[in-house]
Amino acid sequence: MSKKSKTPSKLSRVARSVPEMIAAKRDGGALEPAELEALIEGFVSGEVADYQMTAFAMAVFFRGMSPEETAALTLAMRDSGDVVDLSSVPGVKVDKHSTGGVGDKVSICLAPMVTACGVPVPMISGRGLGHTGGTLDKLEAIPGFKVETTTKRFVRQIEKIGCALIGQTADLAPADRRLYALRDVSATIESIPLITASILSKKLAEGIDALVLDVKVGDGAFMKTEKQARELAESLVRVGRHAGKKVSALLTRMDAPLGHAVGNAVESAEAFAVLAGGGPEDLRECTFALGAEMLRLAGVAKTEAAARKRLAKCIADGSAAKKMQEVVKAQGGDPRVVLEPDRLPSAPHAVIIPSPSSGYVKSIDAREIGLTAVHLGAGRTRADQEVDPAVGILLDKKPGDEVSQGERLARILVRNRAAARAVTGRILEAYTITQRRPKVQPLVIDTIRR
Ligand code: URA
């Protein structure tokens, strides 16, 4: 080592080289915590090349990781950047994170509701990914709203109003941001240890005391079966607790899109409808179930019933909507949109899709609807693409609803009618209409606390 070099890199202090560690994982072996720390430090510093990290991700995808390895990888990724100190904010700080779905705008109504109940919510969200939408894209549909900030301003906003809805800053869990980008284009997203480390590294870096996870299950989710989702939920709860946080996970259905709206401005508007005391039943249920668990973990409600009552009260007395106005204002947006959602951008055309037959809606393929919304411009097919805040799909009929032939099934919100004609067939195919009234399953499948 030259005299000039400062602290030797962690890679120089472990016994195996990067190719040897990748090979060990490829062949089903386990890596030591020190090796995983060295790998992540080297990845962030540039000592480990992107192609080596991609090979490592693929080896983990096929071979998995032990709970100990998953925890070590998560902590190494958390420590790849700043860990926010929110000790200046009194109370138990709680966040919620969803594993991703279609029509999932829960964060936009949930965060101000929980804050209005006296619990600080420092929330760091993501952008759309594949067929799933992202909270940041939906929030950016609000004129002027900024999701990018610094860690310092994030802390100041939590101190002042108790809630911030931002994107990952440059200093928080940079290893996740870089590894995520590689996984996104190397078919290595659907790996339980990698998802665990990805979600928890950024959540553990944001200064929370407790976390509620919404693990989505079904065709519109990354975890297609209940068994996989349960395994992911257990892994998240185990590693989160190992890191000293209170963590619960709810398993919720993602077979059909959540709510009626799929897009950006339309989803923000639907979340604001919940704050105003309305909104679709499934969206309200998902928000209340997650919110009740957040209040329980924060210790401000002893039972689920008491927590739900408190959440209902903050809607009825207007304090949740007021809190969202404060958040929008603090982040540079027009706070009037919360009570006047017509101020959000809207598409010039709403092309109606009439139902081809009479019966009951049995199912709506969430993945297909999500991909169609992306194709319309509500999401990205390339990382550098801009999303269109105004376009989207309104699902007028949802599973369980009765429909007559010719009645409005859905609407396509577009800039030009040709774009709607191109996707009408896809949306019709996503719907299954049957003659018998289907049984609609409860949205929340289970809550995992251990
Ligand atoms: N969401 C994340 O933040 N990371 C993943 O790996 C998957 C979903």
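Which residues surround the ligand? Select H97, T99, Y180, R183, I195, S198, I199 and K202, and you have the ones around the ligand; a residue gets in if one of its heavy atoms lies within 4 Å of the molecule. Before going further, know that this is a predicted model, where local features need pLDDT of at least 70, side-chain atom pairs count only at pLDDT 80 or more, and totals for chains, interfaces and linings use all residues. Residues are numbered from 1 along each chain as its sequence is written, and side-chain values use heavy atoms, with hydrogens and water left out.

**Stop one: the ligand**

Keep that selection and zoom in on the polar contacts (pairs of N or O atoms within 3.5 Å). From R183, an N or O atom of the side chain is 2.9 Å from an oxygen atom of the ligand. Of the 240 Å² that the ligand exposes when taken alone, the protein buries 92% (areas by the Shrake-Rupley method with a 1.4 Å probe).

Now color the shell by class: 3 residues are nonpolar, 3 polar and 2 charged. For this count, Ala, Val, Leu, Ile, Met, Phe, Trp, Tyr, Cys and Pro are nonpolar, Asp, Glu, Lys and Arg are charged, and the others, Gly among them, are polar.

Where does the largest share of the shell come from? Select α9, which supplies 4 residues. Both α8 (174–184) and α9 (192–205) give at least two residues to the shell. These labels are DSSP runs, numbered from the N terminus: helices are H or I with at least four residues, strands E with at least two.

**Stop two: the mixed sheet**

Show β1, β4, β5 and β13, in that order: these 4 strands make an open sheet with mixed pairing, where strands pair if DSSP finds at least two bridges between them. At its edges are β1 (94–98) and β13 (444–448), each pairing on one side only. Strand β5 (246–253) runs antiparallel to β13, joined by 4 bridges; click L250 to find its bridge partner T447 in β13.

α9 lies across β1 and β4 (210–217), at about 160° to β1, with angles running from 0 to 180 degrees between N-to-C directions of lines fitted to C-alpha atoms, for helices over the stretch in contact. Helix α10 (226–242) lies across β4, β5 and β13, at about 165° to β5.

**Stop three: the antiparallel sheet**

Finish with β10-β8-β12, 3 strands in an open antiparallel sheet. β10 (402–403) and β12 (431–434) each have a single partner strand, so one side of each is left without a neighbour in the sheet. β8 (359–364) pairs with β12 over 4 bridges, and V361 stands opposite I433 in β12.

Conventions
Polar contact = N/O pair within 3.5 Å; in protein donor to acceptor, adjacent residues only side chain to side chain. Contact = heavy atoms within 4.5 Å.
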